[in-house]
Amino acid sequence: MFRSPAPSATRPPHEAGHPPLIHADTAADPMRWVSGHRDTLMAAVTEHGAALVRGLGIDEPTSVGEILLRLGVEPMAERESFAPRRRYADGVYSSAAWPPNQPMCMHHELSYLHACPSLLVFACLSAPTAGGATAVADAAATLDALPLQVRERFAREGWILARSYGNDIGASTSEAFGTDDRDRIAAYCRANAIDFAWQSDGTLRTRQHRRAVLRHPLTGRHCWFNQVAFLNEWTLDPDIRDYLIDEYGSEGLPFTTMHGNGDTIAPETITAINAAYDGHTFGRPWQTGDVLFVDNLRTAHSREAFEGPRQVVVGMGGPPYIDDAGPATEVNAR
């Protein structure tokens, strides 16, 4: 899938630590350009973790699915979503619903899945008037920047994602699992190392234990790979968090994260994780028609707050990264 770069496409001088900016020399036939520069694109992503192509003029969501195919990348369907998305084509979705005035923390897409996408293709169909960049951060450098105790504990214990479905907050079971049928949900959970429990009020609670640090199969470097900070309760707006706990209890939050042994994560740990990301974050303002290619294991991504209309779609695919954290058990199932 990844080969040496071809001597074509215009690339300005590259600044260390920043994903390269590649200028497409024509927008007359963007798919032909992608096919002709496949090796260049994949080599840039392999070397730098991400690459931004400017000048393709992509203006349709379905074009992102075509880009995946031209790259020889198998699209991957989203599972276990935490916010509603619109599906445009196989593996191609709208951005997750998130208030435009609130930034999205750094994270790796679907890193809580048993098998998650290795390549992300973001396309800006309409750039915002201000803000809204999809910033990226080197996951290996972020790992090195974490306080030693934080790094060692998560590497040793992994992390747990706890979720609650059915309280009219967050994703519903049908949005997350593609069905409301309990038997099918149970089969999915067992197959994907997810502990689950149906509550007497009909809500579903799940826990899944995943590794927090993975070795990249191509570079061999260990990468901080998780959504420990992004999906933690301390990342929620304080007023919203207090309301949800008052209404549903701490175990009824739509999502939160824990240490791998089940301990609560202290707010200062979340602060330290986000600070490590901040020291290795880089983002370019979107221009309409831009396409950003991201190695989902090597590179985390975020979204700035923004003003004005913003339409960015994402394609997910590639040979999946597998987290075989362990077997699932059914707890108090009803």
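**Exercise 1.** Work out how the lining of the largest cavity divides into nonpolar, polar and charged residues.

*Solution.* The lining of the largest cavity divides into seven nonpolar residues, two polar and one charged, where Ala, Val, Leu, Ile, Met, Phe, Trp, Tyr, Cys and Pro count as nonpolar, Asp, Glu, Lys and Arg as charged, and the others, Gly among them, as polar. A cavity is a set of points on a 1 Å grid over the protein atoms alone where a 1.4 Å probe fits but cannot get out, a pocket is an open set with protein on both sides within 12 Å along at least five of seven lines, and lining residues have an atom within 4 Å of a point. The largest cavity holds about 100 Å³ of space.

The model is predicted, with local features needing pLDDT of at least 70, side-chain atom pairs counting only at pLDDT 80 or more, and totals for chains, interfaces and linings using all residues. Residues are numbered from 1 along each chain as its sequence is written, and side-chain values use heavy atoms, with hydrogens and water left out.

**Exercise 2.** Describe the second largest pocket by its volume and its lining.

*Solution.* Its volume is about 450 Å³, a volume being the space filled by probe spheres set on grid points, which are joined across faces, edges and corners. The pocket is lined by 18 residues, and W98, Q102, L236, I240 and F255 lie nearest its centre. By class, the lining comprises 14 nonpolar residues, three polar and one charged.
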